[in-house]
Amino acid sequence: MKNSTQNLLSDEMLDILSETPGWIVRTWTGVIAGILTLFFISTWVIKYPEVLKGNAIVTTKIPPIRVVVPTGGRLIRLLAKDDIRVKKGDILAETENTTRLENIPAMKQLIASARQFLRNPQRTISFPGHQFVWGDLQDDFNLLRQSYLDYKHLQTDRFQASQLLSLQEQADELRQLGAVNERQKRISDEEFANAEERFRSEETLYQKGIYSKSDYIESKNKHLKKQSEREEFHKQALSNRLKINEVDRNLHELKHSYSEKQRLFLDNIERSIHNIENSLQNWRQNYLITAPADGKLVFLKNLTENQHLTVSDTLFVVMPEQEQFIAALDFPVRGMGKAGIGQKVIIKLDDYPYQEFGMLEGRVLSMAPSLNVRFYRVMVSLPKGLTSTYNQTFTCKSEMTGTAEIVTADVRLIERAFYGFRKLLL
């Protein structure tokens, strides 16, 4: 009896123990439902930004201008310092050459003196001494000096002047002689006219028989003699005019030759001046390194005098006066359909690690395909300039490279899960 009672109690206890109470089931069901509800709410509320990644270059809106070495050689003179303001045309450095920068003022003074001489040839040109070094400009200088000396010699050439004076006096004397001949010719013409009238009267008397033949012949001879004298005066006048014309021609030719020589020497002087100015310009382009624009000069390398430079080596960069910074980004074409004007851009610079210095923030200004069809060129404005998200201001010496992310949209977690699931099905 006792054993059967114990078995009955054991079965009842097992039934109680094996059956889960309803309140526990309801509690756990509520907890799991709450967790699932919170999970779905979280996937709907939480948004995760979707980004496009590419490369970035931060520079000024007006691009900085690089200054390169025009010709290779030693750096013999460094005339600028890092981080100074320069004006367009300022001389920054000089490379090795034979003309040398310190000689340029004397050359410019010579050019000014030569130009004053061209305006007034009565002036003189002051030439530097024989010890002056012209270098590449020596040939042009020699032509200028020789042309000037030839011109001055022509002006003081007494033989040329005496020839001109002699011809001028000869022409004056011939004109005086011509005036005398003209007066004699007029007298002769008047005498001939009188002799002509007398002869015609005596010829009439002879025809009427009043004059004898001998008297008629004598009268005719006198008439012919006056006619011969008249023709002789005409001949002398013609000969004198021919001599005057010949002297005038010789005088004109001599004056023309003299003026042509003057013009030739003056043209040579002017041509020499132009050649020297052109040579100076070429020398400036070849051996002087000058500022291409106004702005702040930034050294891109350490420079010392007597340092050897190679052609097209970049030494400086000139930053514009108004430093308004922008960023140029290169993005692969994949996903660029999601990008749009005004979207936020985050830029991480290589020079300034973003974990320590922060990042730059900007907005998309424009988008356009680049020369490489696989990339887009995106221009980004930087409203805060070079001030980072950690309120640190960066220093840009030329260009700064880094990476960029365009935040195209904030996507919910549930949407991302749906996109992934749809991708698996497709």
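**A tour from Val58**

Select Val58 and show its neighbours: leaving aside residues up to four places away in sequence, Val58 touches Ile326, Ala327, Ile347, Leu349, Leu360, Leu382, Leu386, Cys396, Ser398, Glu399 and Met400. Keep in mind that this is a predicted model.

Val58, Leu329, Ile347 and Leu386 have the most contacts inside the largest nonpolar core, which has 28 residues. Colour the strands that give two or more residues to this core: E1 (47-60), E9 (314-319), E10 (325-332), E11 (344-349), E12 (360-369), E13 (375-381) and E14 (400-412). Of these, E10 gives the most, with 4 residues. In general, nonpolar side chains of soluble globular proteins tend to be buried together.

Return to Ile347 and show the strands. Its bridge partner in E12 is Leu360. E11 and E12 run antiparallel and are joined by 4 bridges. Follow E12 onward: a hairpin of 5 residues leads from E12 to E13, and these two strands pair in the antiparallel sense over 6 bridges. To see one of the pairs, select Arg363, whose bridge partner in E13 is Ser381.

Finally, select Ser388, in the loop between E13 and E14. Is Ser388 buried or exposed? Its relative accessible area is 4%, under the 20% cut-off, so Ser388 counts as buried. Show what surrounds the residue: not counting residues up to four places away in sequence, Ser388 touches Phe357, Gly358, Met359, Leu360 and Phe394.

Note on methods
Residues are numbered from 1 along each chain as its sequence is written. This is a predicted model: local features need pLDDT of at least 70, side-chain atom pairs count only at pLDDT 80 or more; totals for chains, interfaces and linings use all residues. Side-chain values use heavy atoms; hydrogens and water are left out. A nonpolar core is a set of buried Ala, Val, Leu, Ile, Met, Phe, Trp, Tyr and Cys residues joined through side-chain atoms within 4.5 Å. Buried means under 20% relative accessible area, exposed over 50%, partly exposed in between (1.4 Å probe, protein chains only). Contact means heavy atoms within 4.5 Å. Two strands pair if DSSP finds at least two bridges between them.
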